[in-house]
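Have a look at the model first, and then read on.

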Amino acid sequence: MRKTPFQIQIKASKALDTLVSDINRYTEASQNAIKKVVQKGTIAIRDEAIRNSPYRTGALRRSISANYEANGYVGVVKAKAQHAAIVEFGTNERFAWNRKNHARIIGDDFVRGTVSTGSMPKKPFLRPAYEKNKEAIFEGIRKAVELKE
């Protein structure tokens, strides 16, 4: 089975989108400062997501990674574990049913027909990590742009 990474894409603001799309108008010092802010912010989000993630086997925590796109101007934090989205968003009530109406043992009882297996509450770890660090990242980018246009 192929693993697909779980990723929350967050659009920052039109001002930051404009900044990234027209990055060449800034001095080299500003561009390097922006890259450093993005790098530090991405690592901070990754570390916070690892701290926030629930720990059972450690697979979810080990699957959280950070990398950079667009020549270092875009930071990406991913959780590659198959159950990452289920943990982040939770599930509705789930049901199991027996084929051919055979009995199933659940606990100490034999059960026939459709059985509720319950729901899983959400335990967000990526979104809160972003929310905690976004203002520091945006402020760092604002300061980097003000170095010299």
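Let's start with glutamate 88, which sits in helix α4; helices here are DSSP runs of H or I, at least four residues, numbered from the N terminus. Glutamate 88 is buried at 2% relative accessibility, where buried means under 20% relative accessible area, exposed over 50% and partly exposed in between, with a 1.4 Å probe and protein chains only. A polar atom of its side chain lies 3.2 Å from the backbone nitrogen of arginine 127.

A note on the source: this is a predicted model, in which local features need pLDDT of at least 70 and side-chain atom pairs count only at pLDDT 80 or more, while totals for chains, interfaces and linings use all residues. Residues are numbered from 1 along each chain as its sequence is written, and side-chain values use heavy atoms, leaving out hydrogens and water.

Arginine 127 also takes part in a salt bridge, with glutamate 131. A salt bridge here is a side-chain nitrogen of Lys or Arg within 4 Å of a carboxyl oxygen of Asp or Glu, and the count comes to 6. Among them are these:

| Pair | N to O distance |
|---|---|
| Arginine 51 and glutamate 48 | 2.8 Å |
| Glutamate 48 and lysine 132 | 3.4 Å |
| Glutamate 131 and arginine 127 | 3.7 Å |

Glu48, Arg51 and Lys132 form a linked network. Arginine 51 and glutamate 48 are 3 residues apart in helix α2, whereas lysine 132 lies in helix α5, 84 residues from glutamate 48. Glutamate 48 is buried at 10%, but arginine 51 is exposed at 55% and lysine 132 is exposed at 56%.

Key. Helices (H or I, at least four residues) and strands (E, at least two) are DSSP runs, numbered from the N terminus. A polar contact is a pair of N or O atoms within 3.5 Å; within protein, one must be able to donate a hydrogen and the other to accept it, and residues adjacent in sequence count only if both atoms are side-chain atoms.
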